[in-house]
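I opened my notebook to look up a few things in this structure. I wanted to go through pockets, the ligand and aromatic rings, in that order.

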Amino acid sequence: MKVEKAARLLQQNVGAIRKTGGNEMVKENLAQVQENIRRACERAGRDPNEVTLIAVSKTKPVPMLEEAYEAGSRDFGENKVQEIVDKHPQLPQDIRWHMIGHLQRNKVKYIIDQVCLIHSVDSLRLAKEISSQAEKKQVNADILIEVNIAGEESKFGVSAEDAAQLIEEVSVLPHIRVKGLMAIAPFVTNPEDNREYFRQIRKLAVDIDAKNIDNVTMSVLSMGMTGDYMVAIEEGATMVRVGTGIFGERNYK
Ligand SMILES: *Cc1c(COP(=O)(O)O)cnc(C)c1O
């Protein structure tokens with residue numbers, strides 16, 4: 001039964017990815033992803049309005065983002081400061097930009113007032129810089145703490161054990177607000193393999209929430225990508241970050 005379900009989920013994903021090239025590709029993929037989100041919510045007894053779909057547009061040209069915008073996308077995710085700085089002025093101003101990639105301290109100043117949420121904070125040093133740049137621009141920065149849930153060496157993020165302490169330290173900074181956790185699960189072909197990691201993230205958020213730290217909420221769980229967003233939603237994700245499933249494969253050349 002479990003295997004059948006996994007196979008079906010994977011099939012739906014592959015269906016979305018295959019539709020590359022041609023007209024209306026982004027629009028069709030987006031509709032498929034939204035339908036998958038709706039179904040995952042139904043399985044989990046959740047309201048689809050609780051789940052924000054972030055269209056991960058890194059490496060993709062502005063016209064593709066415009067197509068997604070016209071089809072209703074308002075949340076876009078990028079992993080490079082330069083790309084946000086380039087794309088931001090070219091697209092409608094009601095877009096909510098999400099910084100989802102590793103952020104260097106010396107680049108915080110370029111995006112601090114351009115993004116609605118920084119998903120990838122994993123050190124006090126970075127948080128301090130975000131708070132001080134936010135102060136200069138007279139804004140409060142909303143952030144997530146990135147957790148390296150599987151302890152993978154290749155990934156950024158604080159360990160699950162150290163997350164609560166980092167959050168306590170960050171919470172006292174004046175211009176920053178912790179809104180929840182972000183995790184990048186391992187790359188797997190069977191999304192079921194990541195279910196346990198998503199559960200652990202959810203549990204970690206519940207535990208941290210129970211500490212009632214001032215200025216900290218655990219309202220956002222940013223987890224799930226093209227390969228596993230449906231499982232992530234079943235396990236409580238409130239933001240899913242889908243790139244390939246919407247825009248097709250990326251070409252890094
Ligand atoms: C690229 C990226 C994604 C999207 O990955 P896909 O597999 O293309 O959906 C999600 N999250 C982060 C942090 C990324 O860098």
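**Entry 1**

I started with the second largest pocket, which holds about 240 Å³ of space. I kept in mind that this is a predicted model. Which elements give two or more residues to the lining of this pocket? I found helix 2 (25-44) and strand 1 (52-56). Helix 2 gives the most, with three residues.

I sorted the lining by class and got five nonpolar, five polar and four charged residues.

**Entry 2: the ligand**

Next I looked up what surrounds the ligand. I listed Val56, Lys58, Ile100, Ile184, Met225, Thr226, Arg241, Val242, Gly243, Thr244 and Arg250. By class, this shell has five nonpolar, three polar and three charged residues.

I went on to the contacts. Which ligand atom lies 2.8 Å from a polar side-chain atom of Arg241? I noted a nitrogen atom of the ligand there. For Gly243, I noted a backbone N or O atom 2.8 Å from an oxygen atom of the ligand. For Thr244, the N or O atom is in the side chain, and an oxygen atom of the ligand is 2.5 Å from it.

On its own, the ligand has 390 Å² of accessible area, and the protein covers 89% of that.

**Entry 3: aromatic rings**

Last, I searched the whole structure for aromatic pairs and found one. The partners are Phe76 and Trp97. I noted 5.8 Å centre to centre and 40° between the planes, and the pair is tilted.

Why does this pair tie together parts that are 21 residues apart in sequence? Phe76 lies in strand 2 (residues 75-78) and Trp97 lies in strand 3 (residues 96-99), so the pair links those parts.

Conventions: Residues numbered from 1 in each chain as written. Predicted model: local features only at pLDDT ≥ 70, side-chain atom pairs only at ≥ 80, totals over all residues. Heavy atoms only, no water. 1 Å grid on protein atoms, 1.4 Å probe; cavity = no way out; pocket = protein on both sides within 12 Å on 5 of 7 lines; lining within 4 Å. Points joined across faces, edges and corners; volume = space filled by probe spheres on them. Helix = DSSP H or I, 4+ residues; strand = E, 2+ residues; numbered from the N terminus. Nonpolar A, V, L, I, M, F, W, Y, C, P; charged D, E, K, R; others polar. Near = heavy atom within 4 Å. Polar contact = N/O pair within 3.5 Å; in protein donor to acceptor, adjacent residues only side chain to side chain. Areas by Shrake-Rupley, 256 points an atom, 1.4 Å probe, with all protein chains shown as cover. Phe/Tyr/Trp six-rings, centres within 6.5 Å; stacked < 30°, edge-to-face > 60°.
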